[in-house]
Amino acid sequence: MSNVVTPAPAPAAPPPVEKIRIKVDGRDIEVPKMLPDWQGKPVPTTMLQAVQIAGGEVPHYCYHPKLPVAGNCRMCLVEFGTPMMDPATRKPVLNEDGTPKILRSVLPYEPQTPRGAIACATPISPGMELYPSSPATRQMREAVLESLLINHPLDCPICDQAGECKLQEYSVEHGQAASRFVEPKVHKPKAVDLGPRIILDDERCILCTRCIRFTKDIAGDDALGIVNRGSYNTIAAAPGRQFDNNYTLNTVDLCPVGALTSKDFRFKMRVWFLKETKSLCNSCGTGCNIQVGSRENVIHRFEPRENDAVNSSWMCDAGRLNYQWVGRSDRLQEVLIRGARSTWTTAVAEVVSRLISAPKGSVAVVASARQTTEELYLLRAIAARHGAITDSIPREGEGDRLLVSEDRNPNSQGVRLTGIAYTEMGIRLPEIAEGIRAGRIRTLLVFGEDVTQYGLDAELLGQLETLVVSDILPNATTALAHILLPGCAHVEKRGTYINVKGRVQRFMKAVEPRGDARPEWEFLAEIARGLGVASGFSTIEGLFNRMAGEVPALAGVEWAKLGDGGVTVPV
Amino acid sequence: MPQEYRLILKHADQPGYTPDIECYLRHGGYAALRKALATAPRELPDGKKLGPQEVIRDEVLKSGLRGRGGAGFSAGLKWSFVDRRSGKPIYLICNADESEPGTFKDRQILHKDPHQLIEGMIISCWANDVRLAYIYIRGEMPQGARLLNQALREARAKGFLGKNILGTGIDIDIHVHRGAGAYICGEETGLIESLEGKRAYPRIKPPYFPAVLGLYMCPTIVNNVETLCHVKHIVELGGAEYAKLGTPNNTGTRIVSLSGDVKNPGYFEVEVGKVTLGEIIHHENFGGGLRPGRSLRAIIPGGSSSKVLKAGEKFKLRKKGADGQMTQVEADLLDLPYDFDSLQQAGTMSGSGAVIVMDDTRDVVDVLANVSEFYAHESCGQCTPCREGALWMSKALHRMTTGGGRAEDADYLLHIAQNIQGRTICAFGEAAAWPVLSFVKKFKDDFVTRGKADESARASGVVPTAHH
């Protein structure tokens, strides 16, 4: 009997990705045997994915990589072949030239007619040949398009989807110029009010059920379904139900045609006029990636931008519609000193001189967790020079299981990591109030918050020697400012937010600021330079990289490395 | 002399035979179940050992039983595909959604001999480790549902069903679920969706093969009413003995529903392949021939979705001779044996066993318009080719029957139908396309003539121009 202890096996290396060799339009390629499905679970690779890997595209309507597969539109039918197997030896039968003999797929009851498989749901197998460009495949697509169009109203000139419509695009690429259809069309409900934010045109609908699947399987709401039968099938909200969950507008994005439209956007703008800018939603701490659609300095819509580390392909309705305020007519547009219009040069010099003359400990800073990390960093640097108390304002609401965070500030982590408030936000506000009351604090810098709502009332602010306020919209605090510095909405500047999970993400500028307003980081940098803190940069890139060198959590992160999807840092 | 062979309908129409369990027991009912439960394990010549349930499954496979619902697929093979290692429960569903136009065979069983179905189902459940089975019955058969529920109560009271059946320690139960009136619920995956309480949209295959991912994503067997009744008789006779009924590869009996222009429409149970289409129509034991002065125009041989056969058509059939050699023989339409393989070789199918006869008074354009309207009405609308194509064909045919025909409509119809078959989620696409493809191809002159007549009538102002 021995007591030999067998050594624990060395940790296994990650298993090599198993590959399958197939042919796509005659070209040999290797594709992974398994790929993630809509939930990220590995499942056998489909023909559609294989063609994509081969650099091709299979047109499709109902298929969406983030939704369960439905297979109903039939647009992705692809002719294919499989290696012929000898039933006795179970080995491939070879042609005379040694290549495997391929059995082209045909209708079992009509062997002269090719049979397609839906590429979205059919797994590939070794040696399979896909013919996504064959005449038979093209004919199948043409036929599906013809069917989809016979009852379609063909009202592109007045349809909001025009320009981003898969029916239009595929008709150009795969359709026929003329229709044979001479029968009366099916008529269905028009301009159906599905809910507070959605209008449905059932005649334009191609019944792909993306909206139903998203609503049921992603948003967890059974509001949508199909009524009637056959060609009369009609998408509808359940009787007595409003389609009113907080994610309804995603169905407008998902709708490949002009059936579902956003009440907010419809009839406002032709999509091909829109400039697209990569940005973030700042309505909560999730930091959904978005694309801003703007034209001539006016924002027309927010749309979600895919980022699997953050928001997948979705965003909530509340965040999506939270842009109208940017164009408000009462935006702060002028630099004011004691209520009189001034210039940036004068105001920045005034702030610098007042701060230089302020004794240590007589300054306090209230920053906002809606500011960019760079701005928070600069404010923190300015505060540090004066030994100032810094704090910010928490903003909380109800979260949900999908995207909405309880933290309604977009950059609470930025506040924490830059040291504006290391722990809980808002706990030092009473200390600031007490300092002002006692006359210790004589100078207050307020950025982006109406502090009169949070215990620093007008009477208290009236006791200050210097009240520097920067904001975007007027409020009780801006009304009391000695020096008022008009700032920017985030869509008017560049910067980063760090979301609740520590994702550092940057956003780009979509539109110009209003009037004299400037990005806060620019004038904060000028103030900081005047004070002799934080110098050596002139761009947002330089500022970010400098900040990353000083903030421990951001060590090693660079602006250029953030890319479009950001990077995650430990928080 | 061609005659009926009543196996399934042996008692159904006997005077005094009632659907209650006492009557069934008096006629030897549930003996097959007792026999099945007492099956002994068997050792095969190759040394492989079969448990009692495997023996029953093996008998069903050996019997050559083919599904009586429409596709004619081997029942034993279907059972063999069931995933028995998933750890999930296995379900059995009896498809009693008999809806194929022209078909009225299952309702004879349901209304007159429900216990035969229940016995077949209990045996099938036991043989496949099924603990819970459903009978999905067509909504339009309320009487059938009442009778089945009554029969299930009786079977439970006698210990054939429910907890610890016949003292074996095994629980098996069956529930009746009524459909709400949709043809598509007869498609097995549409049926499963409907049974789950959802809209009866057929599932895509792959991945949702019922044998693996069926009801509630569990392995599921879906069999037709008549098919499940045959299981009882296979147990009684033994698979090999059962296979002697009918003809090779087309074993057993099946119930033919005969309708249309014959003197004596009705249902007839025959040995598969032992009678010809001509005999079914003309023989005095069956249809009794056409009405005086009429001649045959066409036959729809297997329910309205099967391809029409034209009077006078000839077919080449492959026959296996006594020496095992395949030979080709020519057969006239009326000499086609009524079985699965012959009709398939004739380019159509025996489908649900519904033979619809049309004589020379029938206008094929009107007939096809009628058939096509049914499929347009019943298309579930899930997938594009069928949803749009079925109504398109129906509208075109309606136009043709109301003075709006065009000479080009024949090709127009073929074009639409060609783009449906083989491109849909389920076989409904074929069901909608095949009547159009076969009628228009085989009676093209009728369609072109009708279209031309309409065109010239419009040109001369006789009828208003149809909507374009």
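Me: Buried area is the accessible area (1.4 Å probe) that two parts lose on being put together, summed over both. How much do domain 1 of chain B and domain 2 of chain B bury between them?
Reply: This is a predicted model, where local features need pLDDT of at least 70, side-chain atom pairs count only at pLDDT 80 or more, and totals for chains, interfaces and linings use all residues. Residues are numbered from 1 along each chain as written, chains are lettered from A in the order written, and side-chain values use heavy atoms, without hydrogens and water. Carbon and sulfur atoms hold 51% of the area buried between these two domains of chain B. The total is about 1,600 Å².

Me: Which residue forms a salt bridge with Arg66(B)?
Reply: A salt bridge puts a side-chain nitrogen of Lys or Arg within 4 Å of a carboxyl oxygen of Asp or Glu. The count between domain 1 and domain 2 of chain B is one. For Arg66(B), the closest N and O atoms are 3.0 Å apart, and the partner is Asp341(B).

Me: How many residues of chain A are in contact with chain B?
Reply: Contact means heavy atoms within 4.5 Å. Chain B brings 37 residues. Chain A brings 42 residues.

Me: Which residue of chain A meets Arg399(B) in a salt bridge?
Reply: Two salt bridges are counted between chain B and chain A. In the one with Arg399(B), N to O is 2.8 Å. The partner is Glu183(A).

Me: How much area do chain B and chain A bury between them?
Reply: Carbon and sulfur atoms account for 52% of it. The total is about 3,200 Å².
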